[in-house]
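The entries follow below the display.

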Amino acid sequence: MKLLAHILCLCLALSLSWAEGIEMDAATVNEEGIPYFFKGDYIFKGFHGKAELANKTFAELDDHHHLGHVDAAFLMHYEDEPTHHDRIFFFLDNHVFSYYKHKLEVGYPKLISEVFPKIPDHLDAAVECPNPECDEDSVIFFKGNDIYHYNVKTKEVTEKEFKNMPNCTSAFRFMEHYYCFHGHSFSKFDPKTGEVHGKYPKEARDYFMRCSKFSEDSDHVERERCSRVHLDAITSDDAGNIYAFRSHHFLRKDANDTLTVDTIESDFKELHSEVDAVFSYDGHLHMIKDNQVYVYKTGEPHTLVAGYPKSVKEDLGLDGPITAAFVCEDHHIAHVLKGHDIYDVELKVTPRAATNKRPVSVFKKIDAAMCGPGGVKVIVGNHFYHFASTMAFVASKALPEEHKVSLELFGCDH
């Protein structure tokens, strides 16, 4: 497994591990909200991507302790506790490591009992729980059937019984929800009571990992509408239908809010999977993958227009790869994002040219964007941000209110 892990994507690595009955060791987010998953001496950053050795990011874990695995991990994000705020804590056997901006803090590692009194060694999982999600700013520790609520301010520990929950091998707080991972499954739970509501357990690889193949009993619509994996591209056509692309699948939401899911290859066979950007114009979907542009008619079936694919340079007047692209209603200009810059491409003229280059400084990274009657929606990770116009988006120096993609675009209620 160690020989393969550095070249396997997260989904495949987890599939192989779970097939052998092995669970992920720990899960947390960093101070920027990027998920970290730990397995053995490897770390997986985000919901997809290649494995890398954990000691490349957290070098001292090996310096002080042979890193066979991490027992538990969590990010403490409590501004009222400045000595621990934005620290990532790792638990290995009877020691705890505290990292700030990926640097081990002076004096660590320490015994767990020294930093978290009354918390046992050899933990199974840990997860932060801020107020009001818990009654007080807390950390929840898991060891077998035992649950410990640790009060960050008073250092008091309350033992609780979570009757409806399985034993967690790792725990994860994400988008203000709490997840207990057990085997290749997960359950969403109430951090105060341990109650599990809804149809759980569910297949973790369907919701938290970017996989081309899923379990046989997957509900594909629920999976895609509720997935925490970021979108690759999104657009809405002239009829108001939304097309959202993620890895090998796409989700279509029609004007009546009916959702359907299918593979990209089934409807756009020349693309196969993983679209970089897409925009709608004049009854066609313009889909960008690597350095190629594919143009399809929007009606069923989606037919590739003769003469395509073309290079991004030939079709849009600039070199790929492209980050995102969108056309606003009744306009003839494609707004094309490449890295941290945005260009305008007049679609009615030939040859086309990318002009009016401007920097976009409000985001470090953008996953997808689309424009409609209400303005521009920019998608970053699991959230989107609304701007009244392209001009407002480009000129913005501060982030507007964030919205949840799964809830507010696709109606997922969990």
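Is Asp135 buried or exposed? I found Asp135 exposed, with a relative accessible area of 53%, where buried means under 20% relative accessible area, exposed over 50% and partly exposed in between, computed with a 1.4 Å probe on protein chains only.

Before going further I noted that this is a predicted model, in which local features need pLDDT of at least 70 and side-chain atom pairs count only at pLDDT 80 or more, while totals for chains, interfaces and linings use all residues. Residues are numbered from 1 along each chain as its sequence is written, and side-chain values use heavy atoms, with hydrogens and water left out.

I then looked up the salt bridges (a side-chain nitrogen of Lys or Arg within 4 Å of a carboxyl oxygen of Asp or Glu), and the structure holds 12 of them. One of these joins Asp135 to Lys192, with the closest N and O atoms 3.5 Å apart. This pair links distant parts of the chain, 57 residues apart, since Asp135 is in the loop between β10 (125-129) and β11 (138-143) and Lys192 in the loop between β16 (185-188) and β17 (202-203); helices (H or I, at least four residues) and strands (E, at least two) are DSSP runs, numbered from the N terminus. Lys192 counts as partly exposed, at 33% relative accessibility.

My next entry is the salt bridge between Arg246 and Glu224, at 2.7 Å from N to O. Arg246 lies in strand β19 (residues 242-246) and Glu224 in helix α7 (residues 220-226), so the pair ties together parts 22 residues apart in sequence. Both Arg246 and Glu224 are buried.

Last, I recorded the salt bridge of Lys365 with Asp367, whose closest N and O atoms are 2.4 Å apart; Asp367 counts as buried at 8% relative accessibility.
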